[in-house]
Amino acid sequence: MMTPALPTSRHKGATTTALDESTTAWALAARGGDADAVDHFVRALHRDVQRYVAHLCADPQAVDDLAQDTFLRALGSLHRFEGRSSARAWLLSIARRAVIDSYRYAAARPRLADVPDWRTAVELAQPQGLPGFDDGIVLLDLLAALPQERREAFVLTQLLGLPYAEAAEVSDCPVGTVRSRVARARATLTHLLDEADRPEPAVLVG
């Protein structure tokens, strides 16, 4: 079976739509046994899964394992994927469940330490040259100030480019809730940026 060419750009807008169309087509072809489509599907979405998992996960050392677990679950469930939503939204929903399951598993085991350092994992997973991420460390610090639910909504819609309806599906909440979380996240980030850019008052000496 002929599979679509792998997109070379990851910008928002039309290219995001084309990416979703391609990855959904690959998922459907992979469901039918096309090995090349499986490879395209995994390569196209691996980075998005890593970045999303990194934002949710409290253990940066677990990001790669969780991403692998996500794809293993997805490939084992392809026979149930019917293309009603984009393959990316479907895959990120699986990633979210993988993270939740990892929390439950960790809660059942004694731990020596619990260091929530999702920012390090996001920094490591962050691709180079992404618009708006030139000052990546600063943005990570600002994102850290957001409540987890608002941060997740912002990451899904503003960084990964998911439509609000699909972000709601991934987050298992109404679309209006996602819009509200994103709006509040934007307001908080704007306020923090304004605070950071505000010049310090001059100190008179004499």
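This is a predicted model: local features need pLDDT of at least 70, side-chain atom pairs count only at pLDDT 80 or more; totals for chains, interfaces and linings use all residues.
Entry 1: I began with the total, and the structure holds 8 salt bridges. I then went through a few of the pairs.

**Entry 2: Arg88 and Asp48.** I looked up Arg88 and found a salt bridge to Asp48, with 3.4 Å between the closest N and O atoms. Arg88 sits in helix H4 (residues 87-107) and Asp48 in helix H2 (residues 35-56), so the pair links distant parts of the chain, 40 residues apart. Is Arg88 buried or exposed? Arg88 counts as buried, because its relative accessibility is 1%, under the 20% cut-off. Asp48 is buried too, at 3% relative accessible area. I also noted that Asp20 joins Asp48 and Arg88 in a network of salt bridges.

**Entry 3: Glu152 and Arg96.** Next came a salt bridge between the side chains of Glu152 and Arg96, at 2.8 Å from N to O. Glu152 belongs to helix H7 (residues 148-159) and Arg96 to helix H4, so this pair ties together parts 56 residues apart in sequence. Glu152 is buried, with a relative accessible area of 2%.

**Entry 4: Glu149 and Arg181.** Which residue does Glu149 pair with in a salt bridge? I found Arg181, the closest N and O atoms being 3.2 Å apart. Glu149 is in helix H7 and Arg181 in helix H9 (residues 175-197), so parts that are 32 residues apart in sequence are tied together by the pair. I checked accessibility here as well: Glu149 counts as partly exposed at 44%, whereas Arg181 counts as buried at 17%.

Definitions and conventions: Residues are numbered from 1 along each chain as its sequence is written. Side-chain values use heavy atoms; hydrogens and water are left out. A salt bridge is a side-chain nitrogen of Lys or Arg within 4 Å of a carboxyl oxygen of Asp or Glu. Helices (H or I, at least four residues) and strands (E, at least two) are DSSP runs, numbered from the N terminus. Buried means under 20% relative accessible area, exposed over 50%, partly exposed in between (1.4 Å probe, protein chains only).
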